[in-house]
Amino acid sequence: MPKPGNRSSVNKKRKKSGYNIKWILVISVWTFLLATLVSLLSENLMRNLDLLTATIVLNLIILLGVIFDIIGTAVTAADEKPFHSMASNKVAEARYALKLIRNAGIVSNFCNDVIGDIAGIISGAAGTIIVVKIISLYDFKNAAIISVIISSIIASMTVGGKALGKEFALQKTNKIIEFASKILMILDKKFGIDLLPDLKRKKRGKRRDD
């Protein structure tokens, strides 16, 4: 049986586990709904665009995925200390910066995985539509070659953009957190949308030598 002093830690672990399961269920449902809705909208819109505009939209979709990947990376690499000093100086967005860092798992999951996967799905669909437009405009006989070339360009832009973005996120972590926290503050103050729970600072256990 657990000792009385350990009951609080056991309860905290149970609450955290329950919260994680709830988050997994919620984000899975939302990802399905968002991916379905955005895919349908993007495909219908892209079909009505000319080749140049469709290409611009595709680049914007890839860029959006890269930007969210940068935020997700920065959150996992960030330290609370600079934002504690900001909070002591009554800087309004410091509270939201701390919320981002303390919810790093949720934020990185949403930014890197959810938005990243949705951007990947949409860019793939957009690429297919661009292939069809190129074939119809220029009367290419071998559609497979055009499809492979467009898919390879999309993949290289996505991977290369995220690689550059990760380097940028690690170098400018605090600036990125400040930017993201200002957006969270605007959503909360202006629209009453509070996306993240207030979690207490994680206590680091003391290292024990063997």
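Trainee: At what angle do helix H3 and H7 pack, and how far apart are their axes?
Mentor: In this predicted model, helix H3, residues 81–88, packs with H7 at an angle of about 50°. Their axes are 11 Å apart.

Trainee: So what do we call that arrangement of H3 and H7?
Mentor: An angle of about 50° makes H3 oblique to H7.

Trainee: And which hand does the crossing of H3 and H7 have?
Mentor: H3 and H7 form a right-handed crossing. From H3, the residues that make the contact are Pro82, Phe83 and Met86; from H7, they are Asn174, Ile177 and Glu178.

Trainee: How does that contact of H3 with H7 divide by class?
Mentor: The contact of H3 with H7 has four nonpolar residues, one polar residue and one charged residue.

Trainee: What about H2 and H7, at what angle do they cross?
Mentor: The axes of H2 and H7 cross at roughly 115° and come within 9 Å. The two helices are therefore roughly perpendicular to each other. Their crossing is left-handed.

Trainee: Which residues of H2 and H7 meet there?
Mentor: H2 brings Ile70, Ile71, Ala74, Val75 and Ala77, and these meet Thr173, Ile176, Ile177 and Ala180 of H7. By class, the contact of H2 with H7 has eight nonpolar residues, one polar residue and no charged residues.

Trainee: Changing topic to empty space: how does one look for it?
Mentor: A probe the size of a water molecule is rolled over the atoms, and this shows where empty space is left.

Trainee: How many cavities of 30 Å³ or more are there?
Mentor: The count comes to one cavity of 30 Å³ or more. The largest cavity has a volume of about 40 Å³.

Trainee: Which residues line the largest cavity?
Mentor: Its lining consists of Tyr96, Lys99, Leu184, Asp188, Ile193, Asp194, Leu195 and Leu196. Helix H4, residues 94–102, and H7 are the elements that give two or more residues to this lining. The lining divides into five nonpolar, no polar and three charged residues.

Trainee: And the second largest pocket, what is its volume?
Mentor: The second largest pocket has a volume of about 560 Å³. Its lining has 20 residues, and those nearest its centre are Phe110, Cys111, Leu184, Leu195 and Leu196. Leu184, Leu195 and Leu196 are also among the residues that line the largest cavity.

Trainee: Which helix gives the most to the lining of that pocket?
Mentor: H1 gives the most to the lining of the second largest pocket, with six residues. Helices H1 (4–47), H2 (51–77), H5 (104–138) and H7 (173–191) each supply at least two residues.

Trainee: How do the residues of that pocket's lining divide by class?
Mentor: The lining of the second largest pocket has 20 nonpolar residues, with no polar and no charged ones.

Key: Residues are numbered from 1 along each chain as its sequence is written. This is a predicted model: local features need pLDDT of at least 70, side-chain atom pairs count only at pLDDT 80 or more; totals for chains, interfaces and linings use all residues. Side-chain values use heavy atoms; hydrogens and water are left out. On a 1 Å grid over the protein atoms alone, a cavity is a set of points where a 1.4 Å probe fits but cannot get out, and a pocket is an open set with protein on both sides within 12 Å along at least five of seven lines; lining residues have an atom within 4 Å of a point. Grid points are joined across faces, edges and corners, and a volume is the space filled by probe spheres set on the points. Helices (H or I, at least four residues) and strands (E, at least two) are DSSP runs, numbered from the N terminus. Ala, Val, Leu, Ile, Met, Phe, Trp, Tyr, Cys and Pro count as nonpolar, Asp, Glu, Lys and Arg as charged, and the others, Gly among them, as polar. Axes are lines fitted to C-alpha atoms, for helices over the stretch in contact, and angles run from 0 to 180 degrees between N-to-C directions. Angles under 35 degrees count as roughly parallel, over 145 as roughly antiparallel, 65 to 115 as roughly perpendicular and the rest as oblique. A crossing is left-handed if the near helix is turned anticlockwise from the far one by less than a right angle, and right-handed if clockwise. Contact means heavy atoms within 4.5 Å.
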